[in-house]
Structures are given as C-alpha cells and as structure tokens.
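Subject: Structure for your review

Dear colleague,

Please find below the structure that I am handing over to you. My notes on what was found in it follow directly after.

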Amino acid sequence: MALTSCLKSYTWSPSPSLPRKPTSNSTIFFATSQPQQTQTHSSLSQNLTPAQLLDTLCRETDESSALRLFNWASKQPNFTPSLPIYEALLAKLGKAGSFDAVEGILEEIKFSGCEVTTGTFLIVIENYAKFELYDEILGVVELMESEFGFQPNTHFYNSLLNFLVDGNKLKLLEIAHNGMVSRGIKPDVSTFNILIKALCKAHQIRPAVLMMEDMASYGLTPDEITYTTLMQGFIKEGDLDGAMRIRDYMREAGCAATNVTVNVLVHGFCEEGRIEEAMNFIQEMTSVGFYPDQFTFNTLVNGLCKAGHVKHALEVMDLMLQEGFDPDIFTYNSLISGLCQMGEVEEAVEILNQMVLRDCSPNTVTYNALISTLCRDNQVEGASRLTQVLTSKGIVPDVCTFNSLIQGLFLTRNHSSAMELFEEMKNKGCQPDEYTYNMLIDNLCSRGKMEEALSLLKEMESSGCTPNVVTYNTLIDGFIKNKRIEEAEEIFDEMELQGVSRNSVTYNTLIDGLCKSRRVEDAAQLMDQMLMEGLKPDKFTYNSLLTYFCRVGDLRKAADIVQTMTSNGCEPDIVTYGTLIGGLCKAGRVEIANRLLITVQMKGMVLTPHTYNPVMQALFRRRRSNEAMRLFREMTEKGDPPDAVSYKIVFRGLCSGGGPIREAVDFLVEMIEKGFLPEFSSFYMLAEGLCALAMEDTLVKLVHMIMEKANCSDSEVSVIRGFLKIRKFEDALATLGSILDKRKPKKTFWSR
C-alpha cells in the first residue's frame, strides 16, 4: 500500500531534535534568571495542588503569564507537575506560536521523568499544522524516538497523516507514510481512509480505488467513510457515474449508508445540474428510511439556484421551514448567488435584507456573489469599492474575492493590474487555489507567454496546490496554439508521470494539434491510446481527423472517417457536414456538395455559414452567380445569419463575376447596413467599374458610407473628401485603402 507509485516524493532530511522556529512576537524562553511573581502568583497558596494549577492555567489567556505561573509553581516545595499540566502549557504556548518555549517544556518533561503519551506529541503537531510549519512535523517523530524512547502507534500516525492531508502537503505525506511502513506500524481502516482522501485530493482516483481494493490484503474492510471519500473524489472530477458505481459496491458489501453518504450523492447530482435525478434519488432513499436534513435542503436550494431555478429554490426553502429547519447562511448565500447569476441584483439585495432581519449575518461568501456579478459585468471599480465595504465590516476577503477581482481585470484587459493583485493576494496571506492558478495560466497561454505559464505551474506545485486536468489541458492548448506541438506532447506525458488522469478534452486537443501539424498518423495512434484508456472518441475527435483529410484532398479517407464515426454511435454534427462539404468543394465536386447540403437540411439541421460558404464560393468561381445568390438568400431565411466570410465571398463574387453592377452596389449597401465593411480589393474592382460607367456619384456615396461605418477621424474624412471633390478618385481610394489596412484586424472584415 506504499504511496511511492502514486505521489511524487522529494528529498528531505528530518532533524532529530525539535527545530527552533518561533513564529510569534511573544516568544517565551523557558529559563529565567529571576522569577517574576505577579500579584496573581503571590495570592496563590504555596500548597497549590496540581489540579488547582491546571485549572488556573486553563483560565489564563496570556501564554507568557501562563509560563511564569508554571515557573513559580515549579519552585514551590513538594510540588511535582503532572502530565495534564505539561500538556495544558504545551497547548497554550503552541496556540500562540511560541515554539522555543514549547521546546523548553518538552526538555523539562524529559528530565522530570514524567511518562508521556502520543497525545503529548500530537498537541505539538497540531499547533505546527495550525501555523503551517509542516516540515517540522516529521521532526517530532524523530524526537519521540530519540529523546523520549517513545514509539509512535497507528493512532498517532493517523493524526499526523491527516494533518498533512488537510494542509495539502502530499509529498510530506508520502515521506511520513513510508516512515510508518518502515517502522512496521500496521495500518487500520482510518489509515486507508486518510490515504484515499489524499489520493482523491491529488486527482488520482484510480489509485485511490486500487488502495481501497488493497485493504482486504491487510484483513480490513472498507467502511462508510472509505466509500463516501471515493464518491466525493469522483464527484470532484465530474464523474457522478463513477460515484454511483462506488455506491453500488458499498451496497453489495453490505455497508449501510447514513445521511452523509446520501447527501454526498445528492450534492453530486446537483453539481451536474441533474436536479430531477437528485429529487428522484431522495425519494428512493426515503423509502428505505432516509430523512432529509438541513444539509439535504441546502444542497437542493443550491443546486436549483445554480440551474437557474431560483423560484423553485424559494419553494424548497418554504418546505424546509415547514419541516422545522431554519434557513442558515448557506441557504441565503445560495439564493443570493443564484439571483446574481441571473442578473437580478436588486432581488439579491432584498434577500440580503431578509437575512439580516432574521439575525443571520452576511459573510465573505455573501459579498463575493455580488462582487463576482459586478466583475462579470465589467464593473471592476464597483466591485473594488464593495470589497472595501466588506473589509470595513471586519470581513476578510478570501480566495474567491481575489479570484473574482482578478477575473474582472482580465475581462477588461487590465493584465498587469491582475498580476499585481495576484502578488498582493499572496502578500496578504491568502493562498491561491486551483482556480486562481488555472485562470492565470490560461491568460498567459492566450497571450503566448508560455514560459511565464510554465513558471506559474512550478510555483503552483511548490505552493502545495496540485495541478489538475484543467491546468494541463490549458497548457497543452496554449502550446498548440503557439505552434509548439512537441512541448504540448511533453505536457501530455507529464500528466501520466504526475498521476493526473487525462480526459477527452486532453486527447481531443492534442489530436487536433497533431492533425494541424500534418502528423495524422500520430493523431490516429493517440486515438487508439484514448480507446485503451477507456475514453470514447467523440465528434471533436473525428472532426479533427476529417478536417485534415479534407484539407489534403483525400476524400476517400474523409468518407471513411464519417462512416467510422457513424458505426461507433457518434452522430455527425453540422461541423462534420460543413467540413465534408468544404472538402468536396475544394476537390471540385460542387454538385455532390450541393446535394449533401440538401440532405443535411432534410435531416432537420440548421445550416451554418460554415456549411454554406464553401458551396457559394465554388459557385461564384464557376460564374454561377444566380445559384450562389439563391443559397445566400436561403441562408438568411432558413439558416444561421451570414457571417463576415459569407459577405466577403458574395461581394467578391459579384464584383469579379461580370454581372450587373447595380446588384453589387445594392449588396454593398446591405452589407454595410449589417455592420460589415468590404474587402478593399473587391471594393476597388467595383470602384473601377463605376468610374468606367460614369457612375462617380454612386462611388462618392459608397465611400462616404464606408468612412462613416469605419469611424474615420475628421482629418481622414477631410483628406478623402478633398480628393473626391477634385475628382481624384484614384488618390481618394488609395487613401481609404491605406486607412482601412492600418485598422484591419487579423480577419478581413470589421464588425460593428
């Protein structure tokens, strides 16, 4: 059951003695040359019993006063401190972060000969974890053995492992677990449950399942916590079906489910928006003795709000009240968040007022819903002001607050401010989470800053935040879009080394990248690997391969792809047909493409410009302008609206096809009114035709329309009008062309 194959280890050498690492300004040293007796000490009897001292220590709020009291008591005749006194003092000093003083007390315990227990050392470990001094935790084990001759047991290691898991220190967890194994300490069910929780946290679901199956070899049987932990792991990965399979194993094993298990699965259904199934599942479980509790109602309210059914969520809250459960902070936060997602901010504020009237104080989550909505609506300044209000009420902004503000800054293209806020977030002690890092990595990838994205990945790992499948998928996509396919493959391989399960998005992204790099054989091999890992190719997988074969003109293999796709139960979509139609047109098979277009229409699919554009372009090239225009009008009436490419194809076809010039002029006017500007080379052809037919007045009107739609500056308009006025049309067109060329984005057309 060693974790070596599951969690990546790293070199670490534990210290044999407790390290000196004070973390509090009130560091207390154990030895003092002159005891400082306060009035409290002098008022105590010299015959103070250990029980009386323990009670006084527990009531003492200041750790330095507690230590002075202990020093005073230790000097009284016939007084011997007991273990509870030592442990109370360790807890008091550890809670304040006075770890030098903690070391002194441990030295005193050792020399006093007082018999310690595992609980003594767990107090120290718990406080190290509280101050996130996880590296020091393993040193406590060495201290127990070398200084006290005390051997840790299963219970001790379970607590230690659990602190490391909760702190997300999975590498240290592996070292600690290896130490447990090497010492011959037998695991129990709790040990396995903690390790399974660790693997689920690291997104290593399959190893977690194997670990559960390994329990039998130790004579152990999984309990409800084991099964429920795995269910939560599957749900976190978006695999509710996997969670339901674990539930079936649990039932077959005869392990009874409590409300905790049922609520976990209800939460899973709601997370995926499967509210009706959640209701049916609750109904099914009530028939075998399950009674919905506060968590069940809150989960349903939250699920309904996320699905946009806030009205139904309010009805569930009414039912909740009827059943004797008062709405709590979670209930109200779900409703406020749901209303904010729907843009109903005023209604959300009404719920906030209700909440306050019912003595339920808003928290960070409450305000985060409103802050997130403002950021989503590009109102980052308003969100920042609300954050200041939150802080003024003594509520500390959390990771979600920062995430919303960073996302808002990215949406407003304020990248540098977003990165500055990220640094401020860390400086204020707010630990970024997976979402923070994934958002930042995605932004860097989209801007082609791949080295910075990789640097952030390393920071993410070193901070204890485990990269997930989304992190790696984002990097793979970033490298592919930046034409660095080999590095994308390296990231793909790294996922296996890190034990992160790849999903369909991972494979589809890399397969598409390989196809675009003309490495179709490698793409086909990757699809085979995808099948071996139990993932079924979908329309995205097949469409990537289809696009490649259509691009290179191999229609036979393209047809085979569509055939394979259909036989494997993957129905071709409009993208599939559009790609195939484009391939047929490119190969000169226009009639077949036209017939396929009609066939797709008969299937009831709504045709897109991607489907129409290749056929129209091919018809214009064959001087079949009337048929091309018929398809364009058909698209405007029956399909999706024409896009910029559609207008470009038609306008170019009308200008170069030798048809009636009035038709080209009328179409240009229509095109401009729809918010598209013409490709200048096509407009120049039209202008030449108008001048040849002495239709200069029409040309002047069209130029003015284009200038207005292109938002030309007053000086630019003045120059062009000057040329038109003296009938220097060539100069006017050259100036207009240069102006439009400077403003031209990567695509040919400008939108409104």
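A residue is called buried when its relative accessible area is under 20%, exposed when that value is over 50%, and partly exposed in between. Please keep in mind that this is a predicted model.

Aromatic pairs

Tyr-647 has a relative accessible area of 2% and is therefore buried. Phe-667, likewise with a relative accessible area of 2%, is buried because that value falls under 20%. Tyr-647 and Phe-667 form an aromatic pair of the tilted kind, with 5.6 Å from centre to centre and 35° between the planes. The pair links distant parts of the chain, since Tyr-647 belongs to helix α36 (residues 644–656) and Phe-667 to helix α37 (residues 661–673), 20 residues apart. Both rings also belong to a cluster, in which ring pairs link Phe-632, Tyr-647, Phe-667 and Phe-676.

In total, the count of aromatic pairs comes to 17. One of them is formed by Phe-99 and Tyr-128, a stacked pair with 4.6 Å from centre to centre and 20° between the planes. Phe-99 lies in helix α5 and Tyr-128 in helix α6 (residues 118–130), so this pair ties together parts that are 29 residues apart in sequence. How accessible is Phe-99, buried or exposed? Phe-99 has a relative accessible area of 0% and is buried. Tyr-128 is buried as well, with a relative accessible area of 0%.

Salt bridges

Side chains of opposite charge can pair when their charged atoms come close. The structure holds 31 salt bridges, and I describe a few of them here.

Within helix α5 (residues 99–112), Lys-110 and Glu-107 lie three residues apart, about one turn of the helix. Lys-110 forms a salt bridge with Glu-107, and the closest N and O atoms are 3.8 Å apart. Lys-110 is partly exposed, at 26% relative accessibility, and Glu-107 is also partly exposed, with a relative accessible area of 32%.

Glu-145 and Arg-183 form another salt bridge, in which the closest N and O atoms are 2.7 Å apart. This pair links distant parts of the chain: Glu-145 is in helix α7 (residues 134–148), whereas Arg-183 is in the loop between α9 (170–182) and α10 (189–201), 38 residues apart. Arg-183 has 29% relative accessibility and counts as partly exposed.

A further salt bridge joins the side chains of Arg-247 and Glu-284, at 3.0 Å from N to O. Arg-247 lies in helix α13 (residues 240–252) and Glu-284 in helix α15 (residues 275–286), so the pair ties together parts that are 37 residues apart in sequence. Arg-247 counts as buried, at 10% relative accessibility, whereas Glu-284, at 36%, counts as partly exposed.

Salt bridges also form a network, which links Asp-241, Glu-272, Arg-274 and Glu-277.

A charged patch

Which residues gather in a patch of negative charge on the surface? They are Glu-344, Glu-346, Glu-347 and Glu-350. Of these, Glu-347 lies in helix α19 (residues 345–357). Glu-347 has 33% relative accessibility and counts as partly exposed.

Backbone and chain contacts

Most residues other than glycine have a negative phi. Asn-711 has a positive phi, near 55°, and is not a glycine. Asn-711 is found in the loop between α39 (696–709) and α40 (714–725), and at 62% relative accessibility Asn-711 counts as exposed. Arg-727 is likewise not a glycine and has a positive phi of about 60°. Arg-727 lies in the loop between α40 and α41 (729–743).

Finally, Asn-626 and Gly-659 are 33 residues apart in sequence, and their C-alpha atoms are 9.6 Å apart in space. Asn-626 lies in helix α35 (residues 625–638) and counts as exposed, at 66% relative accessibility.

With kind regards

Definitions and conventions:
Residues numbered from 1 in each chain as written. Predicted model: local features only at pLDDT ≥ 70, side-chain atom pairs only at ≥ 80, totals over all residues. Heavy atoms only, no water. Patch = residues over 30% accessible without salt bridge, like charges linked within 9 Å, V, L, I, M, F, W, Y side chains within 5 Å. Areas by Shrake-Rupley, 256 points an atom, 1.4 Å probe, with all protein chains shown as cover. Salt bridge = Lys/Arg side-chain N within 4 Å of Asp/Glu carboxyl O. Lys, Arg positive; Asp, Glu negative; His and termini not counted. Charge placed at Lys NZ, Arg CZ, Asp CG, Glu CD. Helix = DSSP H or I, 4+ residues; strand = E, 2+ residues; numbered from the N terminus. Buried < 20%, exposed > 50% of the residue type's maximum accessible area, 1.4 Å probe, protein only. Phe/Tyr/Trp six-rings, centres within 6.5 Å; stacked < 30°, edge-to-face > 60°.
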